[in-house]
Amino acid sequence: FFFGGVMSRTSVVSNMDTGGLESSIREDAITQVFGTGPPMQQQLIPFVAAAIKKEADSPRRSLTADQLVSVFNGLQNYDVDHSKGTLSLTHLSINFTGDKGKLNNSMDHTVYMQTGSQGPVHFVLAKSKKNLIEDRLKVSGLVASEQCFFEVFVKGSKDLKADSFGPEWNPKEKKGVRVGALNGDLVKITLDHPGDTHENFGEMHLKATWVPSVEDAIRTIATAMLHNKIKQVGDDGYRIVDWRDEAAKGRPGDLAIGVAKLRLNTAFDIFTSDPYLKIFRKTKLLYHCQTHENVAPFAWVEWQINEVLPNLRSSDKLTFVVQDKNKLMSDTFVGQIEVIVEDLWKGGATWFTVARDHTNEKDEAYLYIQADWFCEESSPQKWANASAKNITMDTQLSVAGLSMDEVTRKFKELDKDGNGLLDRGEFFEVYKQMDHMGLDPHLATKRLDDWLTHYGFDKKENISFDEFVMIMCHIQQF
């Protein structure tokens, strides 16, 4: 699927069903939606065509391929920064420098790539300048705006030797290597010893390519179309009506905070710390995270918050306060950050420097926050429900020993008039094809009637694809 840092037009492409749509996909639309230039523009076209055909062929959609192509080609505001994809790494090495370069080269090290959303990815280093990636490593589930950082430990210990968080102090956001900017070229990353001095440790060399998820993008566009969230602009332009439009109008919305991660850069209670996190709006406490106990310096802790903070405007300011539950005295104030809601949802996943006093610019801790802000009317979460529903449906089918392709093919076969619905006569054909499940035809028909009554379909004239999936999963249990 990948070759030379980018996607290869090999047998993978030749075996895809693109429906002859390749010639209709514009290269500038590829750049607009995925933020990529040549040569990946041309390489993504067949994947876009195949994804559009798949969406148009789905019985869950009432869209044509031409409609999808038209909107894709004219879309002006696709959220590239939040697009999902895979990072393909081909090279990762360290060049040890400084007075201790020879000593470091004599020891084995473990390297962690901190991705935030997907957790750490680790590699083992033997010698200086050695490539840690034997073939190719893929890290999926990342978004283009994701910032990555690197940590180097002595192998087999918790002794942090260096990291890429850098000496640059920024009270707003900590910048790392942006995933979406990686295009296969060599990137040099400075590594420094942790602590106040940030003494230089070496330089990391990275080669990686960001490959956006075409299917996820096309699914997002199709779902927006079905929910009437596409607005035509001019003759052939389109915009997705999303939460940014509501934010610009100053309307209140909800801030959904998913995950928070924290790394303390020192011990606040003898040798370890017991940190916890509070979230305030002005003086009002919005959320209190549980305490993590006996946390060593430079170790990461994580809170699965998954909480919605309602009625916030994008211009509102939140304060994240980190404290240590001290064993010997009153709780110790570690530090805090003040963040505008808009900065959280624009980044989607953001790293911050936590400091006690912003005047001395000391990194007491690093805090990672994953969040999204949305208005109810234009909630991307509502659109995501359709995708989540599809994932749930796939899981149900898998448990029942069925596949989505298999059930889709059967549904189309039974849907004689092609209206996307099965009447009772069309549906009863499935029983005939299963030899009435080994039962007497009369008993089989009665059992099917009982199931339809159980699911509340007995008073309906037609059965949708989603309902068909539910019944087929039930049938497989017998």
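# Close-up views of a predicted model

**View 1. Aspartate 17 and its contacts.** Aspartate 17 touches Ala50 and Lys53, when residues up to four places away in sequence are not counted. The model shown in this and the following views is a predicted one. Aspartate 17 belongs to the loop between α1 (11-14) and α2, and with a relative accessible area of 48% it is partly exposed. Its C-alpha atom and that of alanine 50 are separated by 5.7 Å, although the two residues are 33 residues apart along the chain.

**View 2. The largest nonpolar core.** This core holds 32 residues, and those that touch the most other members are Ile25, Ile30, Phe34, Val48, Ile52, Phe72 and Val214. At least two residues of the core are supplied by each of α2 (27-34), α3 (40-57), α4 (65-74), α6 (214-226) and β13 (237-240), and the largest share, nine residues, comes from α3. With residues up to four places away in sequence left out, isoleucine 52 touches Leu21, Ile25, Ala65, Leu68, Val69 and Ile218.

**View 3. Helix α4 and what covers it.** Within α4, the buried residues are Leu68, Val69, Val71, Phe72, Asn73 and Gly74. The cover over the buried residues of α4 includes the helices α2, α3 and α6, together with the strands β12 (230-233) and β13. Two of these buried residues, Leu68 and Val69, are also among the residues touched by isoleucine 52, while Phe72 is one of the core residues that touch the most other members.

**View 4. An open sheet of four strands.** The strands follow one another in the order β17-β14-β21-β20, and their pairing is antiparallel. Because β17 (300-312) and β20 (349-354) stand at the edges and have a single partner strand each, one side of each is left without a neighbour in the sheet. On average, neighbouring strands of this sheet are turned by 25° against each other, direction ignored. Strand β14 (residues 253-264) and β17 run antiparallel and are joined by nine bridges, and across this pairing lysine 261 stands opposite glutamate 302 in β17. The charged end of lysine 261 sits over the ring of tyrosine 368, at 5.8 Å from the ring centre.

**View 5. Stacked aromatic rings around phenylalanine 165.** Across the whole structure, 10 aromatic pairs are found. Phenylalanine 149 and phenylalanine 165 form a stacked pair, with 4.3 Å centre to centre and 5° between the planes. Phenylalanine 149 lies in strand β7 (residues 147-154) and phenylalanine 165 in the loop between β8 (160-163) and β9 (177-178), so this pair ties together parts that are 16 residues apart in sequence. Both phenylalanine 149 and phenylalanine 165 are buried. Phenylalanine 165 also forms a stacked pair with tyrosine 366, for which the values are 4.2 Å centre to centre and 10° between the planes. This second pair links distant parts of the chain, since tyrosine 366 is in strand β21 (residues 365-374) and phenylalanine 165 is in the loop between β8 and β9, 201 residues apart. Tyrosine 366, like phenylalanine 165, is buried.

View 6. Threonine 319 is found in β18 (residues 317-324), and it counts as buried because its relative accessibility is 11%, where buried means under 20%. Apart from neighbours within four places in sequence, threonine 319 is in contact with Lys278, Ile279, Phe280, Gln336, Ile337 and Glu338. Strand β15 (residues 275-281) is joined to β18 by six bridges in an antiparallel arrangement, in which leucine 277 stands opposite valine 322.

Technical notes: Residues are numbered from 1 along each chain as its sequence is written. This is a predicted model: local features need pLDDT of at least 70, side-chain atom pairs count only at pLDDT 80 or more; totals for chains, interfaces and linings use all residues. Side-chain values use heavy atoms; hydrogens and water are left out. A nonpolar core is a set of buried Ala, Val, Leu, Ile, Met, Phe, Trp, Tyr and Cys residues joined through side-chain atoms within 4.5 Å. Buried means under 20% relative accessible area, exposed over 50%, partly exposed in between (1.4 Å probe, protein chains only). Contact means heavy atoms within 4.5 Å. Two strands pair if DSSP finds at least two bridges between them. Axes are lines fitted to C-alpha atoms, for helices over the stretch in contact, and angles run from 0 to 180 degrees between N-to-C directions. Rings of Phe, Tyr and Trp (its six-membered ring) pair if their centres lie within 6.5 Å; planes under 30 degrees apart count as stacked, over 60 as edge-to-face and the rest as tilted. A charge sits over a ring if NZ of Lys or CZ of Arg is within 6 Å of the ring centre and within 35 degrees of the ring normal.
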